[in-house]
Amino acid sequence: STPTSGSKPQQTAAGALQDASCVSAESKSLMVSATMFAVGVLGNLVAIVVLCISKKEQKENTFYTLVCGMAITDLLGTCFTSPVVIATYVANRWPGGTLLCQFFSFSMLFFGSAGMSILCAMAVERYLAINHPYFYSQHIDWTMARFALLVTYLANTVLCAMPSFGFGQHVSHFPGTWCYLNWRAMDPLGACYSFLYGGVMLVLIAVTVVCNLAVCISLVGMNQRTRIVRTELSAEIQMFWLMILMTIVFLVCSIPLVVRVARNGTAPITTTGKPDYSSDLLAIRFASFNPILDPWVYILCRKNLL
């Protein structure tokens, strides 16, 4: 009886320490989520206000119309997802049912692909402005930019709503604080959707990188050939650097998630064993930083500050 009676206090103490550790980790996660939410909302609101009070010629600039669309998209993405995560940590459980899970997953999919689509549109806009100025002056204006934003939202709504209609599936992921598409689905439709979504993201990334490289080469050539329109060239270079920094931020934040989508889609076929949930969680956390960092890149890269 002595070993038994002596082991109970030890087990109780170990359990208490484990519970305290879990509470501490949850409190830390709650603080991090709340801070990210506050910084993301503040940054995007400041960026939108700065764009709204800019000079008329800048507000009607095609590039800055797309930048404003990006800021609004990032703001909505932060407001639609972060409060759910915060509520989950506060309640210590998922605060809703299946409908909330589907809404959260759709929001993660939509604002991820919509942000990448707008960034791709910005890269194409800069490419046309620099490499095909005559075509650009005849066909591209701020009205076209608004139309491009509308088409982007509609196309991504259709793409990201597919799992809600059976082409794919929204599921809860470890540790139960977020929902996303079922990227380990064994059924053909679920697997196809994972590859479709990941493929669309990879195409957008490729087009963005290629256009940025083309613009970079053209600007270097322009800078070497002419010293006349220095003001216009300076404005183009400013927009180019803003584009490059936003692209770098997006790639660093989004590529881990795209890799996990592709990796998990093939994992049931090529590997066996326990799924790598920690890498999934790390990838989604990286992705959540993008709408927080984007507006600060614009704010810090404004011409007045430079």
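User: Patches are made of residues with over 30% relative accessible area (Shrake-Rupley, 1.4 Å probe, only the protein chains shown as cover) and no salt bridge, with like charges joined within 9 Å and nonpolar side chains (Val, Leu, Ile, Met, Phe, Trp, Tyr) within 5 Å. Which residues form a nonpolar patch on the surface here?

Analyst: Met 144, Phe 147, Leu 150, Val 151 and Leu 154, with about 470 Å² of accessible area together. A salt bridge would be a side-chain nitrogen of Lys or Arg within 4 Å of a carboxyl oxygen of Asp or Glu. This is a predicted model, where local features need pLDDT of at least 70 and side-chain atom pairs pLDDT 80 or more, while totals for chains, interfaces and linings use all residues. Residues are numbered from 1 along each chain as its sequence is written, and side-chain values use heavy atoms, without hydrogens or water.

User: Where does Phe 147 lie?

Analyst: In helix 6, residues 142-161. Helices (H or I, at least four residues) and strands (E, at least two) are DSSP runs, numbered from the N terminus.

User: How many helices and strands are there in the chain?

Analyst: Nine helices and two strands. From the N terminus the order is α-α-α-α-α-α-β-β-α-α-α.

User: Backbone next. Which peptide bond is cis?

Analyst: The one from Phe 174 to Pro 175, with omega near 5°. Pro 175 sits in the loop between strand 1 (170-173) and strand 2 (178-181). Asn 92 has a positive phi of about 60°, though it is not a glycine.

User: Is Asn 92 buried or exposed?

Analyst: Asn 92 is exposed, at 52% relative accessible area; buried is under 20%, exposed over 50%, partly exposed in between. Asn 92 belongs to the loop between helix 3 (62-91) and helix 4 (98-131).

User: How much space lies in the largest pocket?

Analyst: About 740 Å³, as filled by probe spheres set on grid points joined across faces, edges and corners. A pocket is an open set on a 1 Å grid with protein on both sides within 12 Å along at least five of seven lines; a cavity is where a 1.4 Å probe fits but cannot get out, and lining residues have an atom within 4 Å of a point.

User: What lines the pocket?

Analyst: 37 residues, with Met 108, Ile 284, Arg 285, Ala 287 and Ser 288 nearest its centre. Helix 9 gives the most, nine residues.

User: And how many cavities of 30 Å³ or more?

Analyst: One. The largest cavity has a volume of about 50 Å³. Its lining includes Ala 47, Met 70, Asp 74, Met 246 and Asp 294. Helix 3 gives the most to that lining, with four residues.

How values were computed: Buried means under 20% relative accessible area, exposed over 50%, partly exposed in between (1.4 Å probe, protein chains only).
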